Structures are given as structure tokens and as C-alpha cells.
Amino acid sequence: MEPGFTPWVVLEYSTIIKEVGKENLILTSLPEGTTEADIPQELIDLGIQWTTDECISIAESRQSLCLLDPAASQDLTPSDSEKFEYFVFGGILGDHPPRDRTGELRKKYGLEGRRLGELQMTTDTAVRSTQLIIQNQIKFEDITFIDYPEIRFNRYEATEMPFRYVMDKTGKPILPDGMIALIKKDTEQSLDDLL
Ligand code: SAM
């Protein structure tokens, strides 16, 4: 996980805990010397599990870990639920264009990788898609996504998000609660910085 809990990360991880359950998410590789005081209160209140150990020390065997890797040659399929016990996501914020920072995990641990299609997802979208495929046994191609949605704040202001999202029943991208307000704030901040 990259250091620091930005507001964006806190919203994403809060959403992930709520969707997968606190017993099913472990933040690993936090910097040596991390204490509970370094973890945001919102995440503690949700029962986050965290460790400074590396992901490979959690599993009994390396083979039971699957790295969700945008550069993998095979897409994740429902049958991978029989093969893997743990799914490893890079605790890395999206960047556009992607810089293959997941590659650091690939090189360091040599884990078997699976892709979730060719477009970059936010981390909570990658976890949500993995849950749909592994737990709900839905094929990747049967999930409805929205690519690069425009997030409109009002009549005059909108921004395009350069990621793929799962579509909800009303045709909108699924984003963590509070994310639209945060994106608006960040967009205003970057406009202010330009002035
Ligand atoms: N920009 C980062 C990079 O260059 O690797 C990707 C960051 S992405 C926001 C965070 C994590 O979500 C990745 O490390 C990966 O585990 C997962 N992820 C996102 N999109 C994915 C995809 N299309 N296939 C597989 N995993 C994906």
C-alpha cells in the first residue's frame, strides 16, 4: 500500500469494507512502525484489519494468492474461486495514463495474476468486480460497466473520470458515498491552483 490515507483512499476503503465485510479485507505492507494512531478513525470504526506484514505472510502458500493485475494475460473467471483463496489489489491510487505500479507487486512476489479487462478501474471497482466474479459467479463479460463517465456537479461544471466503473440499476456508475463531493472539491482546488 502506498503511504498515507488521503480522503479519497478513506472513502474507497470504507466502501470496500462495507461491501466485502471487515473479516474479508486486510491492509498489508503498512510502513514499519505504524500504530493504530496512524489509521483514520473512520476505518477503525468500521473494524479495519491491518498489518505491517506483507501479503504473502498471510497465506499458507503463495499459490493461493491472486494478484489483480491490469497487465496479466488472463482475465479473472468464476472458476478462479476454486484456485485462489486471497485476492491481492495494489493499494495504489489510479493515475492516468496508468504507470504500471502494480508491476512492483508482480515483480516482488511473483504471484499468479488475473486481469479485469483492459481498462483501469478504481480500487473499489476492482474489488467489487472481483466479488461479483468470485462470490456471485458472474462472468466478467456479463457485468455492466460505464467507462470514463462524466460526473456532472451542476449545469455548468462536470469532469470526466478516466476509469471504468460498475453500473448501478439506474444506469449510473457506482462510486463511494461522498466521492462526488470530494471530486468536486479536488476539481475546484486544481482550477484554483491554475489561476
Ligand atoms: N495505476 C495503477 C497501475 O499503474 O498499476 C493501477 C491502480 S488501480 C487504481 C488499483 C488496483 O486495482 C491495481 O493495483 C489492481 O490491483 C486493481 N485493478 C484496477 N484495474 C484493474 C484491471 N483492469 N485489471 C486488474 N486489476 C485492476
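For classification by residue type, Ala, Val, Leu, Ile, Met, Phe, Trp, Tyr, Cys and Pro count as nonpolar, Asp, Glu, Lys and Arg as charged, and the others, Gly among them, as polar. The structure is a predicted model, in which local features need pLDDT of at least 70 and side-chain atom pairs count only at pLDDT 80 or more, whereas totals for chains, interfaces and linings use all residues. Residues are numbered from 1 along each chain as its sequence is written, and side-chain values use heavy atoms, with hydrogens and water left out.

Grid points are joined across faces, edges and corners, and a volume is the space filled by probe spheres set on the points.

The largest pocket holds about 1,100 Å³ of space. Its lining comprises 35 residues, of which Leu25, Ile26, Phe87, Val88 and Phe89 lie nearest the centre. Two or more lining residues come from each of helix H1, strand S1 (26–27), strand S4 (86–88), helix H4 (102–109) and helix H5 (123–134); these elements are DSSP runs numbered from the N terminus, with helices (H or I) of at least four residues and strands (E) of at least two. The largest share, 5 residues, is contributed by H5. By class, this lining has 19 nonpolar, 9 polar and 7 charged residues.

The second largest pocket, with a volume of about 620 Å³, is the space taken by the ligand; a molecule is assigned to a pocket if more than half of its atoms lie within 2 Å of the grid points. Of the 31 residues lining this pocket, Pro70, Gly94, Thr102, Gln120 and Met121 lie nearest its centre. H1 and H5 each supply at least two lining residues, and the lining is made up of 14 nonpolar, 8 polar and 9 charged residues.

Around the ligand itself there are 22 residues, of which Leu68, Asp95, Asp100, Thr102 and Gln120 come nearest, a residue being counted if one of its heavy atoms lies within 4 Å. This shell has 9 nonpolar, 6 polar and 7 charged residues. For Arg101, a polar backbone atom is 2.9 Å from a ligand oxygen. Taken alone, the ligand exposes 570 Å², of which the protein buries 99%; accessible areas come from the Shrake-Rupley method with a 1.4 Å probe.

The structure also holds 1 cavity of 30 Å³ or more. The largest cavity has a volume of about 40 Å³ and is lined by Glu2, Val9, Glu12, Tyr13, Gly91, Ile92, Leu93 and Thr123. Helix H1 (residues 7–20) gives the largest share of this lining, 3 residues. The cavity lining has 4 nonpolar, 2 polar and 2 charged residues.

How values were computed. A polar contact is a pair of N or O atoms within 3.5 Å; within protein, one must be able to donate a hydrogen and the other to accept it, and residues adjacent in sequence count only if both atoms are side-chain atoms. On a 1 Å grid over the protein atoms alone, a cavity is a set of points where a 1.4 Å probe fits but cannot get out, and a pocket is an open set with protein on both sides within 12 Å along at least five of seven lines; lining residues have an atom within 4 Å of a point.
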